Amino acid sequence: MRIAVGGASGYAGGELLRLLLGHPDVEIGALTAGGNAGTPLGRHQPHLLPLADRVLADTTTENLAGHDVVFLALPHGHSAAVAKELGPDTLVIDCGADHRLVDQDDWNRWYGGEHAGTWPYGLPELPGNREKLTGTKRIAVPGCYPTGASLALAPALLAGIVEPDVVVTSVSGTSGAGKSLKPHLLGSEVMGSASAYGVGGTHRHTPEIAQNLGRVAGTTVTVSFTPVLAPMPRGILTTASARLTEDSDVEEIYREAYADEPFVHVLEDSWPATAATLGSNAVQLRATVDRDAHRLVVVAALDNLTKGTAGAAVQSMNIALGLPETTGLTTVGVAP
Ligand SMILES: NC(=O)C1=CN([C@@H]2O[C@H](COP(=O)(O)OP(=O)(O)OC[C@H]3O[C@@H](n4cnc5c(N)ncnc54)[C@H](OP(=O)(O)O)[C@@H]3O)[C@@H](O)[C@H]2O)C=CC1
Ligand SMILES: CC(=O)N[C@@H](CCC(=O)OP(=O)(O)O)C(=O)O
């Protein structure tokens, strides 16, 4: 199976290629970029030695056509035009946000411009998603924050044990912001400091989290989401909470919800930490009850570039193509 990666010089593109180099059914075809087209991949992804001499092509439909699978790891708003020109037989996997949202008003408010449509959503662990991914030729990969937040709260909302009004705080590593130069991500700004941003319900992942949880709960879910930037290259640690409507064995609800999921690990003896998930497609999570506050509290850790993007893309590709879901993916992290 020949694959192409649009945006191969970026963080998500690099992680896709790291995983795809270990996928037994994949042959790596075209690799494209924006301004860095014409330069060797090794200059941008020195960890991908087997591909170091490959020269990046321009991100055009012509260069990406003729592959069985095309991954698009491009900035928001750039995937739709490319995807439209790729034939219906090509599996197109968009790591950006262009095809995630269902509601036109949400799209207009949070992104704007023409809405390219909604594709099957690459978070197989949410009810109904795995079936929609099977055999599809178009996949929208979730945002990294919605992955942690949705997996943290879905079992409780599905079981109906919490109010549909949730609070989520997620600490993220800096690679979540992409590779292009951003003054607030300069080492001197980030090192030795954690800082909140997108505060007060202004982050564009808020509607995506609400969309996922609303679908699970069968009712509108209000989401108060705060992202926090931390001085680490990768990883997301999410703390999510909601008021309980009844006394329940939350540990058992979470254990059962994810018992058959190869990539979601419910911890019993320790609390999730990002370091344990680095480079792995695992989400580690644990739920408990804050008895005095009468709230469910869930902590979830994942690698924003693996399960948060590229790993989810490969996992979803496997499902779409009828391959074993775990092919080319690991739950083994890198530590310390
Ligand atoms: N980083 C993360 O944790 C996550 C990222 N994503 C999504 O994945 C996508 C890529 O993100 P990320 O890898 O972090 O971003 P990067 O900035 O690291 O990479 C962007 C890639 O797109 C290319 N590119 C930029 N502008 C253009 C253009 N005008 N035309 C064609 N190619 C272009 C860049 O090429 P060049 O080097 O030439 O500029 C580079 O290869 C985004 O949509 C992002 O939202 C999703 C979930 C998590
Ligand atoms: C730390 C950081 O800046 N993170 C990014 C989220 C990256 C991501 O998941 O997602 P998209 O695919 O939706 O861009 C941000 O807050 O914009």
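The model is predicted, so local features need pLDDT of at least 70 and side-chain atom pairs count only at pLDDT 80 or more, while totals for chains, interfaces and linings use all residues. Residues are numbered from 1 along each chain as its sequence is written, with chains lettered from A and ligands numbered from 1 in the order in which they are written.

The chain splits into domain 1 (2-141 + 307-321) and domain 2 (145-303), with bounds taken from an automatic or database domain assignment. Their C-alpha centres sit 24 Å apart. Across the boundary, 17 residues of domain 1 are in contact with 23 residues of domain 2 (contact: C-beta atoms, placed from the backbone, within 7 Å). On the domain 1 side, helix 4 and helix 10 each supply at least two of the touching residues, and helix 10 gives the most, with five. That side has nine nonpolar, four polar and four charged residues. Here Ala, Val, Leu, Ile, Met, Phe, Trp, Tyr, Cys and Pro count as nonpolar, Asp, Glu, Lys and Arg as charged, and the others, Gly among them, as polar. Helices (H or I, at least four residues) and strands (E, at least two) are DSSP runs, numbered from the N terminus.

The shell holds 30 residues, of which Gly10, Gly34, Gly96, Gly178 and Lys179 come nearest (a residue is near if its C-beta atom, placed from the backbone, lies within 6 Å). By class, there are 10 nonpolar, 19 polar and one charged residues.

Since 10 of its 12 residues are buried, helix 8 is largely enclosed by the rest of the structure (buried: 20 or more other C-beta atoms within 10 Å of the residue's own, all placed from the backbone). The cover over those buried residues includes helix 4 (104-110), helix 6 (144-159), strand 7 (162-172) and strand 9 (222-229). Just after helix 8, glycine 218 takes a positive phi of about 75°.

Methods
Contact = placed C-beta atoms within 7 Å.
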